[in-house]
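Hi everyone, thanks for coming.

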Amino acid sequence: MSTFDEGFVVTDVGLALQSKQLANGEALKFSRAAYGAGMQPDGTDLRTVTAMVDEKLELEIVKSSVVGNGTVDITVMVDNTNVEAPGFPLTEVAMYAMDGDTEILYAYAYFGDRHGWVPSATDARKIRNTMHFDIVIGRTTQVEVKLSSDWSAFATTEDFEAHKDSENAHPALPHFGSAITNPQDIAGIYCGSEDSKLHMANLSDVREVVLGDTRDMVQSYNSDKKRIDHLERLVGNVYLANEMANIYLDGYDGMIIEPFDDIAEEVDRTVAQVTSVVSGDDSIDVESAEGLIIGAHYQLTDGEKIEEVQVKGINTSGKVQRVILYDNVVNQYTDGRAKLYRSSVAIYNGRAYGGGNTRTDEWSPNETFSGSNTAKDLSATLSFDNSSSFELSGAEMENGQIILDTATIGIALVSEGGGSGTWVRVDGEGDDIE
């Protein structure tokens, strides 16, 4: 999804409502938020926007808190359960407030071409999480929000952590003594029952309820093996479901055995041509994302610089195929030469070879000589690997030197009959070659 680097802009109607509520001593009442896929004309002043261009998904408010520095932290729930295929580009976000009985666009954020992507309900990536929006409220200290009844009992991660660290989180429950350090001292376990109270249960009863068997059967090999087989089937089904969705939780980096039977078919040799990559960014644009695996590691290189990257997600919008990474790109790569490699080995002639690193430099065009009306430039691309890698036109290699196939040419000022002289081309002997 998109990032809120530039944040929300309070609209003109939002500022007017802010001043009105402050003057009347009334609270700002936020009603809801929304994601959209609309595009604003170039040069649009976001303060003048009064409505979203293309609203796609309503976001329900689950919590709010006045920060104290003129902003309010509003928590919304993002759920793509009702998003239709194929999803939509997240280009705009809106926060709405109530002006009496009228809902207005209070604050607006716009991403344009820097948008992310909201997947559909049928996509393998399910979204059900919270987002925090920092909204400017000025000198207003009274804020009200319209909470959805579906999320009235919702607890955020911050709520849970505060509850967990509280010294009196459950005052109605009994307080227990110090921890038991010797397992043999455990006589029973407190368990809940239908009367909503804790009761002591002996270990045999707990074992039978949890494992579904008696102590004697638990100790038998066959019973243990059945349970292990069942757990293996459950884990296998989870991995199979993820693989069908093209998601590999372990990065798909286990050992691969390649027998080289006729052709090498076990090693993943996917290569993706990179069309855009910027050092410090967490995304890469490619010509085609076909064959790329979410969670897998790849080698990003242009033949000189190289680094390992891991795919976090793949977003597709029109011709744009964007690969989202877990970490930012470190190196800066030459335009048009960078690629993503799943494997760093070259496979041919029934063998696997390690990757090489051929260095190439360029001679920038340099003026080699000039006359009154003459200018000549020289440019070439050289590989420093060995002399056999040179590709020369009109020349040859001899004793590590480039020997041109043309006569030596120079420029000389020639004076005939005591005149002022003229610039002419001469050969290695100084003879005029005009």
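I'll start with the whole chain and then turn to a few side chains.

First, please keep in mind that this is a predicted model. The chain has 434 residues, and 28% of them count as buried. Running along it are five helices and 26 strands. If you take the contacts with a separation of 6 or more, 59% of them are between residues 24 or more positions apart.

Now to the aromatic rings. How many aromatic pairs are there? The count is three. One of these pairs is Tyr108 with Tyr110. Their rings are stacked, with 6.5 Å from centre to centre and 10 degrees between the planes. Are these two tyrosines buried or exposed? Tyr108 counts as buried because its relative accessibility is 0%, under the 20% cut-off. Tyr110 has 18%, so Tyr110 counts as buried too.

Arg32 places its charged end over the ring of Tyr96, 4.2 Å from the ring centre. Arg342 does this with Tyr298, and there the distance to the centre is 5.5 Å.

Finally, let's go to the surface. Ile180, Ile186 and Ile189 make up a nonpolar patch there, and together they have about 250 Å² of accessible area. Ile189 belongs to strand E11, which covers residues 188–192. With a relative accessible area of 36%, Ile189 is partly exposed, because that value falls between 20% and 50%.

That's my tour, and I'm happy to take questions.

Methods:
Residues are numbered from 1 along each chain as its sequence is written. This is a predicted model: local features need pLDDT of at least 70, side-chain atom pairs count only at pLDDT 80 or more; totals for chains, interfaces and linings use all residues. Side-chain values use heavy atoms; hydrogens and water are left out. Patches are made of residues with over 30% relative accessible area and no salt bridge: like charges are joined within 9 Å, nonpolar side chains (Val, Leu, Ile, Met, Phe, Trp, Tyr) within 5 Å. Accessible areas come from the Shrake-Rupley method with a 1.4 Å probe; for residues, only the protein chains shown count as cover. A salt bridge is a side-chain nitrogen of Lys or Arg within 4 Å of a carboxyl oxygen of Asp or Glu. Helices (H or I, at least four residues) and strands (E, at least two) are DSSP runs, numbered from the N terminus. Buried means under 20% relative accessible area, exposed over 50%, partly exposed in between (1.4 Å probe, protein chains only). Contact means heavy atoms within 4.5 Å. Rings of Phe, Tyr and Trp (its six-membered ring) pair if their centres lie within 6.5 Å; planes under 30 degrees apart count as stacked, over 60 as edge-to-face and the rest as tilted. A charge sits over a ring if NZ of Lys or CZ of Arg is within 6 Å of the ring centre and within 35 degrees of the ring normal.
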